[in-house]
Amino acid sequence: MSSENLIEINDLNFSYSTRAILKGIHMTMPRGKVISIMGGSGSGKTTLLRLISGEIRPSAGYVKFSGDVVHELSRDKLFKLRRKMGMLFQFGALFTDLSVFDNVAFQMREHTDLPESMIRDLVLMKLDAVGLRGAHHLMPNELSGGMARRVALARSIALDPSLIMYDEPFTGLDPISLSVIGNLIRRLTDTLGMTSIVVTHDVQKSLKIVDYVYFIADGVIAAEGTPKEVMESTAPFVHQFIHGEEDGPVPFHYSGQSYRQDLDLGDARV
Amino acid sequence: MHVSKHIVSVIQNIGHRVIESVWRLGVGSRFFLLVLLKSGTSLRRFNLVIRELYFTGVLSLIIIVVSGLFVGMVLGLQGYETLQKYGSESAVGTLVALSLVRELGPVVAALLFASRAGSAITAEIGLMKATEQLAAMGLMAVDPVARVVAPRFWAGVISMPLLAAIFSVMGVLGGYLVTVVFIGVDQGTYWSQMQSAVDFRFDILNGFIKSCFFGVAIAAIAVFEGYDAPPTAEGVSGATTRTVVTSSLAILGLDFILTAFMFRGVS
């Protein structure tokens with residue numbers, strides 16, 4: 001495995017009972033890059049994140065993180081590995097019973113023996129990086145959606161992970177918060193030397209900040225490339241997705257029996 | 001033909017429900033063992049349990065104190081009315097105290113505790129699950145069973161006997177208030193009859209043991225229902241309801257079994 005790549009995914013398959021979600025995915029994610037995974041709702045993007053973090057096991061293939069095959073690790077080793085990963089959930093998933101400060105301090109208190117004075121400094125530094133040092137005393141229910149996500153971002157970089165996974169980080173944000181989060185993802189990746197995986201369907205915002213894009217459709221990689229390459233792509237799926245066209249390779253109508261049969265029209269004209 | 005099909009489907013339904021209940025009982029028991037196994041963190045970092053003791057125990061105090069007082073007052077009133085017909089109103093202290101420490105204290109306090117604190121524990125854990133807080137914790141390499149579930153379980157187990165004891169004490173005071181202060185039963189009789197009739201081992205200790213069993217049952221049901229709740233609004237509300245219903249039935253069932261063991265043959 002190349003030391004350039006933090007994550008290598010090889011022939012990854014996953015199915016829920018008999019329904020195949022991912023079918024033979026190959027990906028490489030170099031260190032220090034922002035990688036975007038795009039695809040329609042239900043295309044298996046979040047499942048892929050859960051496979052990388054070892055929450056679920058693949059039915060075939062593997063995910064390698066820094067040379068370790070994730071699903072072969074023992075529980076203890078997996079938990080150790082997860083300390084190198086941060087995850088930003090769609091709506092932040094802040095601990096509602098803890099203040100902003102305690103949310104960011106959570107992992108430091110759980111996993112390190114740092115004295116409280118040092119934890120305080122570190123937490124304020126992390127909050128400063130997302131522009132919310134002044135909000136450290138607030139409770140999560142006092143934050144707006146965009147602020148909550150920035151706090152969650154500060155929390156996910158608490159232990160300086162080598163990887164951060166963002167699950168739909170732009171959903172439901174106003175344009176200002178959206179820009180703030182987008183720029184933070186880029187800036188934190190560059191300054192902290194992490195690798196970022198951004199799962200999203202916000203094409204316009206993400207193409208501005210990412211280094212490489214994978215499109216997933218029907219459980220396979222439908223297209224991949226740099227933002228410039230995908231913008232210029234003529235592949236029907238990529239074109240439909242980027243331009244938000246209603247009909248195309250992803251049909252408008254959910255498959256079913258014909259309209260004529262559903263309306264019981266027999267041979268009559270519709 | 002149609003009738004037999006109907007009967008078959010009814011039997012299938014019953015079978016399905018029985019299997020599902022047994023299966024759920026098994027999953028619940030496994031979860032209970034898992035919580036016990038992962039209680040090390042709660043015991044090492046006892047401040048986590050103390051924090052939950054405040055929410056489950058201290059915040060339940062008001063309902064326990066007020067209910068205990070009123071139950072004792074009603075017992076005193078009813079007991080006095082009945083006993084005076086036979087000229088034994090001096091035994092009213094005994095009646096109040098024995099009813100409370102043997103039965104009403106543990107049982108009523110447990111029913112109130114299940115509704116007040118059990119439902120809150122279920123709703124909190126269920127909502128933490130629905131808002132992905134438990135998943136987030138798992139991804140931060142912190143086990144949610146050890147960090148979230150076990151402290152709440154132990155807080156429930158510790159609070160319950162203390163609340164039952166407070167309930168009984170308030171009941172005895174309520175009885176005193178009505179019979180001695182308002183009705184005028186002799187104060188010395190009230191206390192001395194009680195003192196001679198209530199046995200520490202048979203009555204108080206057995207009542208305490210009952211409340212410990214109830215505490216384990218309520219806390220185990222509450223954390224399991226919360227952790228197992230489907231992560232939706234209906235899921236959490238259904239789980240909260242199930243906590244109250246299942247705990248209440250478990251309390252009454254356990255009370256019968258424990259009473260049969262403890263007090264059978266004791267005059």
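Visitor: How many residues sit between β1(A) and β2(A) in their hairpin?

Guide: There are two residues between β1(A) and β2(A) in that hairpin, and A:Ser17, which lies in the turn, has a positive phi of about 40°. Please keep in mind throughout our talk that this is a predicted model.

Visitor: OK, and how do β1 and β2 of chain A run, and how many bridges join them?

Guide: Strand β1, residues 5-16 of chain A, and strand β2, residues 19-30 of chain A, run antiparallel and are joined by eight bridges. If you want to find particular pairs, A:Leu12 stands opposite A:Ile25 in β2(A), and the bridge partner of A:Glu8 in β2(A) is A:Thr28.

Visitor: What holds strands together like that in general?

Guide: Strands of a sheet pair through backbone hydrogen bonds, and the pairing can be either parallel or antiparallel.

Visitor: How many bridges does β1(A) share with β4 of chain A?

Guide: Five bridges link β1(A) with strand β4, residues 60-65 of chain A, and this pairing is in the antiparallel sense. One place to look is A:Ile9, whose bridge partner in β4(A) is A:Val63.

Visitor: Then what is the strand order in that four-stranded sheet of chain A?

Guide: The order is β2-β1-β4-β5 in chain A, and the four strands make an open sheet with antiparallel pairing. At the edges stand β2 and β5 (68-69) of chain A, and because each has a single partner strand, one side of each is left without a neighbour in the sheet.

Visitor: Which helix packs on it?

Guide: That is helix α1, residues 45-52 of chain A, which touches β1, β2 and β4 of chain A and whose direction makes about 120° with that of β1(A).

Visitor: Switching over to the six-stranded sheet, what order do its strands take?

Guide: In chain A the order is β6-β7-β8-β3-β9-β10, in an open sheet whose pairing is mixed. Here β6 and β10 (220-225) of chain A stand at the edges with a single partner strand each, so one side of each has no neighbour in the sheet. From one strand to the next, the twist averages 20°.

Visitor: Are β7 and β8 in there parallel or antiparallel?

Guide: Strand β7, residues 163-167 of chain A, and strand β8, residues 195-200 of chain A, pair in the parallel sense, and five bridges connect them. Within that pairing, A:Leu163 has A:Thr195 in β8(A) as its bridge partner.

Visitor: Helices next. At what angle do α5 and α6 of chain A pack?

Guide: Helix α5, residues 145-156 of chain A, and helix α6, residues 175-192 of chain A, pack at an angle of about 10°, and their axes are 10 Å apart. The two helices are therefore roughly parallel to each other, and α5(A) passes α6(A) in a left-handed crossing.

Visitor: Which residues meet there?

Guide: From α5(A) come A:Gly146, A:Arg149, A:Arg150 and A:Leu153, and they meet A:Ser177, A:Val180, A:Ile181 and A:Leu184 in α6(A). Sorted by class, this contact has four nonpolar, two polar and two charged residues.

Visitor: What about chain B, how far apart are the axes of α4(B) and α7(B)?

Guide: Their axes are 6 Å apart, and helix α4, residues 61-85 of chain B, packs with helix α7, residues 144-183 of chain B, at an angle of about 45°. That angle makes α4(B) oblique to α7(B), and the crossing is right-handed. The residues of the contact divide into 18 nonpolar, nine polar and no charged.

Visitor: And where the chains touch, how many residues are in contact?

Guide: In this case 15 residues of chain A are in contact with nine residues of chain B. On the side of chain A that touches chain B, the elements giving two or more residues are α2 (75-82), β6 (85-88) and α3 (100-111) of chain A. The largest share, four residues, comes from α3(A), and by class that side of chain A has eight nonpolar, four polar and three charged residues.

Visitor: Last one: what domains is chain A divided into?

Guide: Chain A is divided into domain 1 (5-233) and domain 2 (234-270), and 34 Å separate their centres, taken over C-alpha atoms. Their contact takes ten residues from domain 1 of chain A and eight residues from domain 2 of chain A.

Terms used. Residues are numbered from 1 along each chain as its sequence is written. Chains are lettered from A and ligands numbered from 1 in the order in which they are written. This is a predicted model: local features need pLDDT of at least 70, side-chain atom pairs count only at pLDDT 80 or more; totals for chains, interfaces and linings use all residues. Two strands pair if DSSP finds at least two bridges between them. Two residues are in contact if their C-beta atoms, placed from the backbone, lie within 7 Å. Ala, Val, Leu, Ile, Met, Phe, Trp, Tyr, Cys and Pro count as nonpolar, Asp, Glu, Lys and Arg as charged, and the others, Gly among them, as polar. Axes are lines fitted to C-alpha atoms, for helices over the stretch in contact, and angles run from 0 to 180 degrees between N-to-C directions. Angles under 35 degrees count as roughly parallel, over 145 as roughly antiparallel, 65 to 115 as roughly perpendicular and the rest as oblique. A crossing is left-handed if the near helix is turned anticlockwise from the far one by less than a right angle, and right-handed if clockwise. Domain bounds come from an automatic or database domain assignment.
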